[in-house]
Amino acid sequence: MRGLDDLDVGGRRVLVRVDFNAPLAAGPEGAIEIADDTRIRAALPTIEELRARGARLVLVSHLDRPEGRRVPGLSLAPIAERLRELLPDARIAFAPDPVGERSRALSEALGDGELVLLENVRFEPGETTNDPELARALAELAELYVNDAFGAAHRSHASTEGVAHLLPSAAGRLLEREVKTLTGILDHPERPLVAIVGGSKVADKIAVIDRFLQVADVVMIGGAMCFPFLCAQGHTVGESLCCEEDVEHARHLLARASDTHSPQPGHARLLVPSDLVIGDRLADDARHRVLDGVEVPAGWMGLDIGSDTAGRYGREIERAGTVFWNGPMGAFEFAPFAAGTRAVAEAVAKAPGLTVVGGGDSASALAHFGLEDAVDHLSTGGGATLELIEGRTLAGVHALEGAGVA
Ligand code: ADP
Ligand code: MG
């Protein structure tokens, strides 16, 4: 994959695809505020390096899903404001359209080290359909293309894929670091490689568990993910999240795992909870109790792993050469069900090995416990991170590999 070192950017206009898809929140008097600017800050190394090298930057990003229409609440204007705060020395213009005459005039007026941020590219219906016309309109704004939007790199869209074929292209520093770190832990991890998979989107993560069973030494399951496995082992799950289709997937995964007592290469040990915290609903004041074991009675839901499980998982994390964690161990947003996620987050934060965390809710869990700076790599991707781990080629990365020479 070509990187920033392969481009001669001085005095040239560079279209930079960034991932400014930051969560928004309603502020006082209906003002739109940025709830979390992690993704904006993650793009700064590439932006600062390009500015220092005299590039003229045309920044393009999506925000949420306006579905090809101009949705005023999803304008990138507040993001331009935040960017001005983060880069007080930079001249930053905002183009009120993603492409077109005004955007072209603003990009042509750029001086060395100056920036223009284009309006939400998903206001254009051609973005998500990867329309060649939109890709051409974006390419006309610059002479070079840099993709630093790891969070959108699995999308085959005009600003992530189509445009890469039209300009000399390279990966930005964030995209490069994400791909290197995530492929590195799969291809040549310091062992033992320990994967912890939780969260609620069971169907989305079956392929991730499958891959880790092949490349990791231990795979530990928590969150709502564990109920299909427990059900497949013959336990009762009460009202816990669990559907028949996922139980079938879990059966196959259990069959692929190693026998705990005689591990075989290419077949990780698969650990599931041995105790649980159950509750009657998802709320801070829910009725809840600690279950010694995993038989969830009718009328109750399993909403966190128990302390025995957290201790077992913690000991594996402590001994790991590499830890990958995706997905909370329980419904940590609610006080009675936060302890398991907190214990695993603390174990990951203290682990001596390389620690990598992916997933939006896992990142919020770390932030919730004040531990976001205690891991070695906090991935900015959700779907992109999972697809990379599954071993799939990301469309945006593939397009860069096939790109022409500057
Ligand atoms: P990530 O974004 O890190 O990939 P997911 O989106 O898969 O994680 O899942 C996160 C959500 O899973 C959290 O909102 C959490 O409340 C929920 N969750 C975790 N465990 C359970 C459970 N046992 N029952 C219901 N929801 C759960
Ligand atoms: Mg999530």
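Modeller: Cysteine 231 is partly exposed, with a relative accessible area of 25%; on this scale buried means under 20%, exposed over 50%, and partly exposed in between, using a 1.4 Å probe and protein chains only. Cysteine 243 is partly exposed too, at 35%. Before we go on, keep in mind that this is a predicted model, where local features need pLDDT of at least 70, side-chain atom pairs count only at pLDDT 80 or more, and totals for chains, interfaces and linings use all residues. Residues are numbered from 1 along each chain as its sequence is written, chains are lettered from A and ligands numbered from 1 in the order in which they are written, and side-chain values use heavy atoms, leaving out hydrogens and water.

So what about disulfides? A search of the whole structure turns up 0 of them, a disulfide being a pair of cysteine sulfur atoms within 2.5 Å. For cysteine 231, the nearest cysteine sulfur is that of cysteine 242, 4.5 Å away. Cysteine 243 also has the sulfur of cysteine 242 as its nearest, at 6.8 Å.

Now for a couple of buried spots. Threonine 385 sits in helix α13, which covers residues 383–390; helices here are DSSP runs of H or I with at least four residues, strands are runs of E with at least two, and both are numbered from the N terminus. Threonine 385 is buried, with a relative accessible area of 1%. Setting aside neighbours within four places in sequence, threonine 385 is in contact with Phe150, Leu182, Phe324, Gly358 and Ser379, where contact means heavy atoms within 4.5 Å.

Glycine 396 belongs to helix α14, residues 395–401, and counts as buried at 0% relative accessibility.

Zooming out, the chain has 14 helices and 17 strands. Its C-alpha trace spans about 70 × 50 × 35 Å along the principal axes. Buried residues make up 56% of the 406 in the chain. And among contacts between residues at least 6 apart in sequence, 73% join residues at least 24 apart.
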